[in-house]
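Have the viewer open and follow along.

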Amino acid sequence: MSILVVGSVAFDSVETPFGKAEDVLGGSATYFSTSASYFTDVSLVAVVGEDFPDEHVTLLTDRKVDVSGLTKVPGETFRWKGRYDYDLNQAHTLETHLNVFSDFEPEIPEDHRDNDFLFLANIDPELQLKVLDQVTGARFTACDTMNFWIESKIEKVKEVFSRVDLVVINEGEAREFAGEASLVKAAKKVLALGPRIIIIKRGEYGAIMFTETTVFSAPAYPLEEIFDPTGAGDTFAGGMMGLVASTGDISEANIRRAIVLGSTMASFNVEAFSLDRLKDLKTEEINDRYGEFKRLTHFEGL
Ligand code: AMP
């Protein structure tokens, strides 16, 4: 089954201790859809400005992403500038220019309104709500967000959380949202709003999933070199949702598998700037690394 994703398509300028990149392709929906495209059909809804080059659109169409919901309007594309210090888990936002996203009214193409799987990637929660209003027949909905929106529109973020099945969020942002140092308490506060599942992304420490009655924890792949963590969260979500949608199986057992596949995809993405590594992976390398995850976490009972 296919996934509909709404989120940002952006120009990113990123500085890490290992190098920098200026105005490269980024955005939450870009990373998400590229990652998910390895497992299922994806349709993207977003807006870009007239400065957005065709070659970036081609990168998506080469991955068979349906871009009929990507509109180009007069103005400039969304821009984000960030820096990472040696703690690569923590992105420091230097600049956010919403540009064409400031007055974007998402219009979901008629044939996508009953899509089974919907992912609301990181973007203005008011836009996420407008998409939820239009896609009313989805079987499984999930969302992401970030501190920028938690700090400026917390009530809208809460409303989004209350209307989805799964919340995917960073560790620091979960703590900030809930006002709790304990991740267990933060997860409970989010679950109390209505979602069935929360997955907290913990950067190089992996991801942890909470439901009302269960907890599952997966490590991140221990890479020797991480070049640029930008997009790791969206790539994780893309791999995770990609497996869930391609199998149509929303059981917890399958979501556990999907978390490991998401972590596998994220581990590739951080090996290079922008989508340089993610854009043409081979099935074999994805499968090999997934297998390594299995060995990494295997242990015998007492
Ligand atoms: P992450 O997967 O969390 O590293 O997300 C990185 C992507 O989020 C970058 O490519 C940015 O373009 C995008 N981004 C940064 N800030 C925002 C924002 N306020 N709203 C939407 N997308 C953003």
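A quick word on burial before we start: a residue is buried if its relative accessible area is under 20%, exposed if that is over 50%, and partly exposed in between, using a 1.4 Å probe and protein chains only. This is a predicted model, where local features need pLDDT of at least 70, side-chain atom pairs count only at pLDDT 80 or more, and totals for chains, interfaces and linings use all residues. Residues are numbered from 1 along each chain as its sequence is written, and side-chain values use heavy atoms, with hydrogens and water left out.

Start with Ala186, which sits in helix H7, residues 183–192. Helices here are DSSP runs of H or I with at least four residues, numbered from the N terminus. Ala186 has 0% relative accessibility, so it counts as buried. What does Ala186 touch, not counting residues up to four places away in sequence? The partners are Ala174, Ala178 and Glu180, where contact means heavy atoms within 4.5 Å. Ala174 is twelve residues from Ala186 along the chain, and their C-alpha atoms are separated by 6.1 Å.

Now jump to helix H1. Nine of its nine residues are buried, so H1 is largely enclosed by the rest of the structure. Among those buried residues are Tyr31, Phe32 and Ser35, and these three also take part in the contact with H8. H1 covers residues 28–36 and H8 covers residues 232–247; they pack at about 40°, with their axes 7 Å apart. Axes are lines fitted to C-alpha atoms, for helices over the stretch in contact, and angles run from 0 to 180 degrees between N-to-C directions. H1 and H8 are therefore oblique to each other: under 35 degrees counts as roughly parallel, over 145 as roughly antiparallel, 65 to 115 as roughly perpendicular, and the rest as oblique. The crossing of H1 and H8 is right-handed, meaning the near helix is turned clockwise from the far one by less than a right angle, with anticlockwise giving left-handed. On the H8 side, the residues in contact include Asp234, Met241 and Gly242. By class, the contact of H1 with H8 has five nonpolar, six polar and one charged residue; Ala, Val, Leu, Ile, Met, Phe, Trp, Tyr, Cys and Pro count as nonpolar, Asp, Glu, Lys and Arg as charged, and the others, Gly among them, as polar.

Ser274 lies in the loop between helix H9 (252–269) and helix H10 (283–297). With 7% relative accessibility, Ser274 counts as buried. Its side chain reaches the backbone oxygen of Leu25 at 2.7 Å.

The contact of H9 with H10 is made up of seven nonpolar, three polar and three charged residues.

Finally, look at H3 (residues 125–134) and H5 (residues 154–162), whose axes come within 9 Å and cross at roughly 30°. That makes H3 roughly parallel to H5, and H3 passes H5 in a left-handed crossing.

Definitions and conventions. Helix = DSSP H or I, 4+ residues; strand = E, 2+ residues; numbered from the N terminus. Polar contact = N/O pair within 3.5 Å; in protein donor to acceptor, adjacent residues only side chain to side chain.
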